[in-house]
Amino acid sequence: VTSAMSADFSALLTAGRWPDGFDPRATVLIESEPALKSLGAGQPGRARILTYRTTEVVVEVQSAEGGYLVLNDLWHPSWFVDIDGADAPLLKANVLFRAVALPGGTHTVRFKFQPIRGAISSLAGARAAR
């Protein structure tokens, strides 16, 4: 998709409805401040799943302007993502799915489920919050 909006997912669940004007075909809702607010009226990119396994999903993405790849698979803190082999921030999208911000061009995006790394990251985050 080519645009993103920040959203309070708890409030959305309480309200039981999407924000007014939200179109999931063009916009992604994310909990944090969007890396890319909007790319204007650009054309959405193309995505092709190359591998879909229990612990790994690999997607080839082509987009002239960039945007967000939204994977309608459950978000979990033990999922990680890289773009062309470089770690990237995994975003919680549309309340319970995964997304990643992408620059323009052709990229290979790899979502990896790594429970040990996820546990270590969660523990480190809990300690930093103290």
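Colleague: Good. What sort of model is this?

Modeller: A predicted one, where local features need pLDDT of at least 70 and side-chain atom pairs count only at pLDDT 80 or more, while totals for chains, interfaces and linings use all residues. Residues are numbered from 1 along each chain as its sequence is written, and side-chain values use heavy atoms, leaving out hydrogens and water.

Colleague: Back to Lys 112, then: what makes you call Lys 112 buried or exposed?

Modeller: Its relative accessibility is 16%. Buried means under 20% relative accessible area, exposed over 50%, and partly exposed in between (1.4 Å probe, protein chains only), so Lys 112 counts as buried. Lys 112 belongs to strand β10, residues 105-113; a strand here is a DSSP run of E with at least two residues, a helix one of H or I with at least four, both numbered from the N terminus.

Colleague: And which residues is Lys 112 in contact with, leaving aside neighbours within four places in sequence?

Modeller: Thr 55, Ser 78, Trp 79, Phe 80, Asp 82, Asp 87 and Arg 117, where contact means heavy atoms within 4.5 Å.

Colleague: How do you know where the charged end of Arg 117 sits?

Modeller: It lies over the ring of Phe 80, 3.9 Å from the centre. The rule asks for NZ of Lys or CZ of Arg within 6 Å of the ring centre and within 35 degrees of the ring normal. Arg 98 likewise lies over the face of Trp 79, at 3.7 Å from the ring centre.

Colleague: Why does the aromatic pair of Trp 18 and Phe 22 get its name, with 45° between the planes?

Modeller: Rings of Phe, Tyr and Trp (its six-membered ring) pair if their centres lie within 6.5 Å; planes under 30 degrees apart count as stacked, over 60 as edge-to-face and the rest as tilted. Here the centres are 5.0 Å apart and the angle is 45°, so this pair is tilted.

Colleague: How exposed is Trp 18?

Modeller: Trp 18 is partly exposed at 42%, whereas Phe 22 is buried at 12%.
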